[in-house]
Amino acid sequence: MFTIRALLFKLPQCHLTSKSPLSSALLRLKSPLPRSPPASFFLASESLLFHPSRSLASSTSTTPSDLGQDYPTGESEIEEFGRWRRLGVKLRLFFALPWERVEKGSVLKMQLRGKISDQLWTRFSSGLSLPQICENFTKALYDPRISGIYLHIEPLNCGWGKLDEIRRHIMNFKKSGKFIVSYMPICGEKEYYLACACGELYVPPSAYIRLYGLTVQSAFLGGVLEKVGVHPEVQRIGKYKSLGDQLTQKSMSTDVREMLNLLLDNIYENWLEIVSLSRGKRMEEIVEFLNSGVYQVEKLKEEGWITNIMYDDEVMSMLKERVGQKNKKKLLMVDYSKYARVRKSTLSIDAGKDNIAIIRACGNISRTARTPKPLSHAGSGIIAEQLIKKIRAVRDSGAFKAVILRIDSSGGDALASDLVWREIKLLAASKLVIASMSDIAASGGYYLAMAAGTIVAEKLTLTGSIGVVRGRFSLNKLYGKIDFNKEILSRGQYAELNVAEQRSLRPDEAEHFAKATQYAYTQFRDKAALSRSMTVDQMEKVAQGRVWTGKDAASRGLVDAIGGMSRAVAIAKQKANIPHDRQVRLVELSRPSTTLPDMLSSIWNSVFGLDMAVKEVLQDLAPASGVQARTDGILLEAVGSASEENHVFDLIKDCLGSS
């Protein structure tokens, strides 16, 4: 049956794209759409020890985006270990378990490539985990066996929020005095944004240079559907909700153009500012460089955009000399995966007595888990019934001083989002709850965040998207062309509302359709207003389906502070009356268990080379029904060769997922 879910909360199907090939586009189709009953609504452990460095004494300073709130910045300084603590570290390292042993003078090599998840992974999971990347930086900072970091940066498939979190850890690591060197075979905007934080940037002579700027693209199916005899019947509440336009129109609306231009301006200006500060160049120089379309590696070196031109083996030979291993056959190195197995307790950085719970909500929101399939990937979706159990367990526990809800979600099931929202509100009534946003916390993702007492977002987090679109396909012309007939016997005035795609809506059905859409929007908007202590009129001005960056959301009352996990922890400590210079123990409650299916899936993928992205795309194409509050249509990526990506494919994927 060709009907759009009864109600869709979606961002426009627009992309700030890059030079990525089709496989990169497949990777972006990451959140499987859950099967649900027709009446459903959609808004589309093991503890991990983590100790942020001691907050600066001046950490109570504020920024304009904090709207007058006296929040600590979360900036950190290196903690000095006393003599006895240093001795304790030496003893722990001497008796370390075999898989935690690292030779003294080793260089930590981390290869960052492709998708980076905000979820924790087990040893049998594939892909990169942002929490683990950040923890490796923290451990390497204090580990006397690590002399420096060699960061191998390949094309990245993540948002700007995660990049800022990694940059923050790079800058903190540099305070230790240890070196950090980056190497980029392919240099795009995101890769350069991250690499320039390291200070030393190396590229091979044959490197692909793709520093051209940013763009936004949007695909429209109105003309295509008209030609095949498909008539979309759409009700849109929120002038910035463009999914309806993409199905019915042939060009971008003025309002959506305004929204996307502002998002594009924010990202572009931030990129220029960060690169300017990192490389010591004026912003005018950077703009001129981008506009010159440089592709010659030699010119990058001549104008000071990179440190030098070297192959990977030459960089490692240079590092051998730097760490005094010139006479050794190979540079002593430890990779990301092995170093991830080193416990923080081994390095004596788990001395905190105050516990703060970390609950991660990453991926598509659904009410119940899908039926598992043999050798299927568990993914990183938000299962409401499982998340609610964790929230209730924390609420009933007296072990935690505060809770940090880490969100990286574009939304999903509206009913599931509301049920979780209610549980977070109950938790916030008895404990401090801080929401920390990653790349995206919009629509259903924002629904979860707004239940927290304080919301912290990265400056380029995508958030907001409070609006609805409801639609269906009328296929009477298409059925006529192929001589297909469908007849329905029904009881009840509106019984055929969601099943009679062979005809257009009757006037009474169209009226019901419009009222139901308005009702859904009113509920969403009014709960957002209540949660953020705003009047309905105030919320209406920032709702309307508009997507904001974290920086703009903060100035409009949707977000309280700008920063990452370290700032969320600092705010939690302040509100829980924990001294800013006291370490805390962050207890991860969302670590996936290592099950036999996970192990078999990992082995299967390794031996047979099954691409996880392809499997996720196949899951995305599964039909579903109901109301969505989702924001998976917009991706912020650096631009390369836009022609390499098929954006119509992404839009068709959304429609198929809505059928």
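In this tour, a residue is called buried when its relative accessible area is under 20%, exposed when it is over 50%, and partly exposed in between (1.4 Å probe, protein chains only). The model is predicted: local features need pLDDT of at least 70, side-chain atom pairs count only at pLDDT 80 or more, and totals for chains, interfaces and linings use all residues. Residues are numbered from 1 along each chain as its sequence is written, and side-chain values use heavy atoms, with hydrogens and water left out.

**The whole chain**

Begin with the entire chain in a cartoon view. Its secondary structure comes to 23 helices and 27 strands; helices (H or I, at least four residues) and strands (E, at least two) are DSSP runs, numbered from the N terminus. Of the 659 residues, 58% count as buried. The chain exposes about 27,300 Å², of which carbon and sulfur atoms supply 54%; accessible areas come from the Shrake-Rupley method with a 1.4 Å probe, and for residues only the protein chains shown count as cover.

**The nonpolar cores**

Next, select Phe137, Ile166, Ile170, Tyr192, Trp271 and Tyr339. These residues have the most contacts inside the largest nonpolar core, which has 64 residues. A nonpolar core is a set of buried Ala, Val, Leu, Ile, Met, Phe, Trp, Tyr and Cys residues joined through side-chain atoms within 4.5 Å. Helix α3 (residues 130-142) gives the most to this core, with seven residues. A second, separate core of 51 residues includes Ile359, Ala416, Tyr521 and Ala554.

Now centre the view on Tyr192. Which residues does Tyr192 contact, leaving aside its neighbours within four places in sequence? They are Met184, Cys187, Leu201, Leu211, Trp271, Val275, Arg279 and Trp305, where contact means heavy atoms within 4.5 Å.

Select Leu262 in helix α8 (residues 254-279). Leu262 counts as partly exposed because its relative accessible area is 27%. Not counting residues up to four places away in sequence, Leu262 touches Arg546, Trp548 and Asp552. Leu262 and Trp548 are 286 residues apart along the chain, and their C-alpha atoms are separated by 8.7 Å.

**Salt bridges**

A salt bridge is a side-chain nitrogen of Lys or Arg within 4 Å of a carboxyl oxygen of Asp or Glu. By this rule the count comes to 33 salt bridges.

- Display Glu511 and Lys515, whose side chains meet in a salt bridge (3.1 Å, N to O). Both lie in helix α17 (residues 507-531), four residues apart, about one turn of the helix. Glu511 is partly exposed at 45% relative accessible area, whereas Lys515 is exposed at 55%.
- Move to Glu509 and Arg506, which form a salt bridge through their side chains (3.3 Å, N to O). Glu509 is buried, with a relative accessible area of 0%, while Arg506 is partly exposed at 30%.
- Continue to Asp526 and Arg525, joined by a salt bridge between their side chains (3.0 Å, N to O). Asp526 is partly exposed at 29%, and Arg525 is buried at 13%.
- Finally, select Asp118, Glu165, Arg168, Arg360, Arg406, Glu458 and Glu588, which are linked in a network of salt bridges.

Turn to Asp413 in strand β18 (residues 411-413). Asp413 is buried yet has no salt bridge; Arg367, the nearest side chain of opposite charge, is 4.6 Å away. For charge, Lys and Arg count as positive and Asp and Glu as negative, while His and the chain ends are not counted. What does the side chain of Asp413 reach at 3.2 Å? It reaches the backbone nitrogen of Leu415.

Then select Asp560, in the loop between α19 (550-555) and β24 (561-562). Asp560 is buried, with a relative accessible area of 14%. Its side chain reaches the backbone nitrogen of Ile455 at 2.7 Å and makes a polar contact with the side chain of Arg532 (2.9 Å). A polar contact is a pair of N or O atoms within 3.5 Å; within protein, one must be able to donate a hydrogen and the other to accept it, and residues adjacent in sequence count only if both atoms are side-chain atoms.

**Two serines with positive phi**

Most residues other than glycine have a negative phi. Select Ser443, which has a positive phi of about 55° and lies in the loop between β19 (432-442) and α15 (444-449). Ser533, in the loop between α17 and α18 (536-542), has a positive phi near 55°. Is each serine buried or exposed? Ser443 is buried, with a relative accessible area of 0%, whereas Ser533 is exposed at 69%.
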